[in-house]
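Q: I have a model open and would like to learn how to read its features one by one. Could you walk me through it?

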Amino acid sequence: MNTSTYRDSWFGNVKGDILSGLVVALALIPEAIAFSIIAGVDPMVGLYASFTIAVTISFVGGRPGMISAATGAMALLFIELVAEHGLQYLLAASILTGIIQVIFGLFKLARYTKFIPRSVMVGFVNALAILIFTSQLEHFVDESWIMYVLVGVTLALIYLFPYVTNAVPSTLVAIVFVTIVTISMNFDIRAVGDMGAISQTLPIFLIPDIPLSFETLVIIFPYSIALAIVGLLESLLTASIVDDSTETTSDKNIESRGQGIANVITGFFGGMAGCAMIGQSIINIKSGGRGRLSTFVAGIFLMFLIVVVGDIVVQIPMAALAGVMIMVAISTFDWNSIRTIHLVPRTDAAVMVITVITVVLTHNLAIGVFAGIILSSIFFVSKISRVRVVEEIKAGKVLYSLHGELFFASVTELLDQFDYDADVEEVEINLGRSHIWDDSAVVAVEKIVSKFRSTGKKVIVTGLNEDSTELVGKLANKLGSH
Amino acid sequence: MYQKILLATDGSEHSKRAAENAVNIAKCSQGSKLEVVYVVDADRAKSDVLTHWNSVDVNDSRKDQVSEVERIAKEAGVTYELKVLRGEPGPVIVKYANENEFDIVIIGSRGLNGLQEFVLGSVSHKVAKLANCPVLIVK
């Protein structure tokens with residue numbers, strides 16, 4: 001592991017970074033357009049976003065070599081907002097999302113992502129893949145068999161062209177080929193131009209045209225919170241993947257802040273909030289990108305291409321884009337989780353599946369993540385709430401040894417595990433292998449003791465560990481009246 | 001006759017069998033040394049990071065994956081060393097083998113990902129073609 005200087009993170013790998021940046025820019029264009037269409041806005045919103053986010057994050061991000069731009073996870077969250085309130089509210093929500101993320105970064109909350117269980121993360125990734133896939137189905141509606149054939153050709157080229165060469169991204173080859181075929185054969189199918197206009201101009205600074213009122217805030221805040229969480233989750237996951245594949249470390253709090261700054265700037269330049277992209281970052285690393293320069297070049301070259309060849313871009317058939325998006329969905333999905341689903345604990349598998357189902361039903365990754373976290377907390381609590389009581393009887397005395405954690409969830413069943421009418425004179429309750437965590441546990445132990453005493457037995461409690469003794473002492477005065 | 005032995009592994013069934021062969025070959029000559037490499041490319045990083053999201057260090061879990069190899073080597077009393085390399089598996093293994101002048105490379109015939117193998121060709125083929133030393137592909 002090594003930490004490099006800021007200068008190094010820019011110019012430590014110039015040749016590799018420039019080349020990989022160019023490759024990523026080519027791969028970003030179709031995705032930026034497709035994600036805009038998912039969100040229900042003009043392709044320019046995603047293209048401007050990809051440009052401003054990539055360029056901004058190259059300066060302020062915490063993870064050199066990671067690619068951030070307009071993403072599917074974020075686009076999916078915008079669908080409803082755009083449909084009900086329009087583009088200006090999307091821009092305002094993007095700015096607010098950025099502000100929330102900056103706050104998240106300043107308060108150094110990135111470490112709490114470790115509290116998100118593995119199965120929820122896997123569910124998040126799989127749900128994202130499924131949503132990207134299903135979002136493409138509408139492009140098949142009312143289309144002829146040509147659509148299906150062209151999507152098939154696109155996918156075949158994407159997966160088979162690497163056999164020939166890896167020098168050019170196969171997605172680009174597929175798009176160029178399918179576009180040329182469509183134009184030259186004069187196929188009557190929808191193209192990018194039918195979904196919205198492409199303007200060959202640079203983005204300009206503008207303040208979203210919305211009333212600056214409390215009502216506006218009420219509308220955009222729920223979206224921005226969800227966007228902020230989903231954006232950070234995917235960004236920090238991607239950062240971990242880049243960390244691991246390059247054997248370097250990165251500052252997750254600076255990255256969170258950087259994502260926020262990038263989204264604020266994007267909102268003011270007519271783009272939608274985005275985040276880090278797992279797929280594109282992997283492409284970047286594989287193409288030799290390591291430094292900030294790679295992300296910067298990707299953003300600049302993307303804008304350059306749009307300005308120069310924008311009028312060709314509108315002629316790309318939707319079939320080609322749908323093919324690319326299906327590929328994105330396939331590579332986003334964690335197939336390993338399906339292969340190992342029978343090996344992981346059943347509760348983990350359930351959490352993963354519930355996370356996915358919640359997201360697919362609500363179209364909201366944030367809700368899915370919360371559902372997953374809550375469910376796995378419940379599973380965890382129920383797992384550790386099993387307290388074993390071992391009973392030993394010798395010479396008129398019974399010894400109960402408790403094994404497990406004593407807290408609100410575990411004490412209710414505990415009371416029934418003792419034989420209060422046993423024919424003994426003395427009862428010992430040994431807590432040497434258990435731990436008292438809260439007032440419910442203190443009350444429960446007191447209740448057990450008093451129940452035995454009411455039948456005229458002598459009761460002693462032994463083996464209380466230090467923490468538990470302290471808690472019992474603290475609570476004894478206040479709860480003593482129970 | 002083989003002193004420096006390189007075993008490439010990914011924790012799969014095939015690579016476990018490769019490990020058994022590697023250990024047997026190492027036992028044949030005195031003073032031989034076995035080096036076990038596990039290669040992480042960007043795609044594997046994704047699945048490994050997801051699989052080990054809550055663990056302290058992904059690399060610890062990787063060592064778990066090759067623990068079977070370690071066990072076999074330990075039981076046979078073979079000197080071994082573990083290394084995690086970064087990059088695309090085929091070229092990285094070839095480069096490592098050639099630069100460090102290994103006497104033999106041992107590798108399982110098939111990795112974990114069938115689709116990848118179909119698209120990009122198998123790692124073992126690349127190694128067999130480009131390594132400067134004998135290569136044993138274990139089925």
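Q: Among contacts in chain A between residues at least 6 apart in sequence, what percentage join residues at least 24 apart?
A: Happy to start there, and please keep in mind that this is a predicted model. In chain A, 85% of the contacts between residues at least 6 apart in sequence link residues at least 24 apart.

Q: Is A:Ile316 buried or exposed?
A: A neighbour count settles that, with 20 or more other C-beta atoms within 10 Å as the cut-off for buried. A:Ile316 counts as buried because it has 23 C-beta neighbours inside 10 Å.

Q: How many residues of helix α12 of chain A are buried?
A: Eight of the nine residues in α12 (residues 278-286) are buried, so this helix is mostly covered. They are A:Ile278, A:Gly279, A:Gln280, A:Ser281, A:Ile282, A:Ile283, A:Asn284 and A:Ile285. For the chain as a whole, 49% of the 482 residues in chain A are buried.

Q: What does the overall build of chain A look like?
A: Begin with the inventory, which is 20 helices and six strands for chain A. Its radius of gyration is 29 Å, well over the 23 Å that the globule rule gives for 482 residues, so chain A is more spread out than a compact globule. The C-alpha trace of chain A spans about 100 × 50 × 45 Å along its principal axes. For the domains, chain A is divided into domain 1 (6-377) and domain 2 (385-479). Taken over C-alpha atoms, the centres of these two domains of chain A are 55 Å apart.

Q: How do I read a helix pair, such as α3 and α11 of chain A?
A: Take the axes, then the handedness, then the residues that meet. The axes of α3 (residues 43-60) and α11 (residues 252-268) of chain A come within 9 Å and cross at roughly 145°, and the crossing is right-handed. From α3(A), A:Ala49, A:Thr52, A:Ile53, A:Thr56, A:Ile57 and A:Val60 meet A:Gly258, A:Gln259, A:Ile261, A:Ala262, A:Ile265 and A:Thr266 of α11(A). By class, that contact has seven nonpolar, five polar and no charged residues.

Q: At what angle do α5 and α7 of chain B cross?
A: In chain B, the axes of α5 (residues 89-99) and α7 (residues 123-130) cross at roughly 35° and come within 8 Å. This crossing is right-handed. B:Pro89, B:Gly90, B:Ile93 and B:Val94 of α5(B) make the contact with B:Val123, B:Lys126, B:Val127 and B:Leu130 of α7(B). Those residues divide into six nonpolar, one polar and one charged.

Q: How many residues does each chain bring to the contact between A and B?
A: The size of an interface is often given as the accessible area lost when the parts come together. Here we can count residues: chain B gives 17 and chain A gives 20. On the chain B side, α2 (42-51) and α6 (114-120) each supply at least two residues, and α2(B) has the largest share with nine. By class, the chain B side has nine nonpolar, three polar and five charged residues.

Terms used: Residues numbered from 1 in each chain as written. Chains lettered and ligands numbered in written order. Predicted model: local features only at pLDDT ≥ 70, side-chain atom pairs only at ≥ 80, totals over all residues. Contact = placed C-beta atoms within 7 Å. Helix = DSSP H or I, 4+ residues; strand = E, 2+ residues; numbered from the N terminus. Nonpolar A, V, L, I, M, F, W, Y, C, P; charged D, E, K, R; others polar. Domains from an automatic or database assignment. Axes fitted to C-alpha atoms, helices over the stretch in contact; angles between N-to-C directions. Left-handed = near helix turned anticlockwise from the far one by under 90°. Rg over C-alpha atoms; globule rule 2.2 N^0.38 Å. Buried ≥ 20, exposed ≤ 12 C-beta atoms within 10 Å, placed from the backbone.
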